[in-house]
Amino acid sequence: MRPEAIHCFDRASVLLAIYPDGRPGPRVLAEITEDALRDVFGAQDGAQGLVQACLDHFDTIEKVAKEHYRHKSISPVALSTHDFLSCADVRP
């Protein structure tokens, strides 16, 4: 199934759905900043480029989002460039 992601202009981020326990388990919304998508994943252009970068690198973003959710489940899953600095799957 195709990942779900949408650009939020007012938040300067892309919202995406993750399923920490797999489907059909609970759906959790995560957010990744535009800066992270540009700096870490090379997103270009406008909203569509940001969403496409999120979809192209969804496996890596989802992995970090799930880790964030499991360790900080009481806070929103909000990812920034900093969250990917130690990730072996990307090169900031």
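**Legends to the close-up views**

**View 1. Secondary structure of the predicted model.** The protein contains three helices and four strands, where helices (H or I, at least four residues) and strands (E, at least two) are DSSP runs numbered from the N terminus. Along the sequence these elements follow the pattern β-β-β-α-α-α-β. This is a predicted model, in which local features need pLDDT of at least 70 and side-chain atom pairs count only at pLDDT 80 or more, while totals for chains, interfaces and linings use all residues. Residues are numbered from 1 along each chain as its sequence is written, and side-chain values use heavy atoms, with hydrogens and water left out.

View 2. Among contacts with a separation of 6 or more, 43% join residues 24 or more positions apart, contact meaning heavy atoms within 4.5 Å.

**View 3. The aromatic pair of Phe41 and Phe84.** The count comes to one aromatic pair, where rings of Phe, Tyr and Trp (its six-membered ring) pair if their centres lie within 6.5 Å, and planes under 30 degrees apart count as stacked, over 60 as edge-to-face and the rest as tilted. The ring centres of Phe41 and Phe84 are 5.2 Å apart and their planes stand at 85°, so the pair is edge-to-face. Because Phe41 lies in the loop between α1 (34–39) and α2 (47–56) and Phe84 in the segment after β4 (77–79), the pair ties together parts that are 43 residues apart in sequence. Phe41 counts as buried at 8% relative accessibility, and Phe84 is buried with a relative accessible area of 0%.

Key
Buried < 20%, exposed > 50% of the residue type's maximum accessible area, 1.4 Å probe, protein only.
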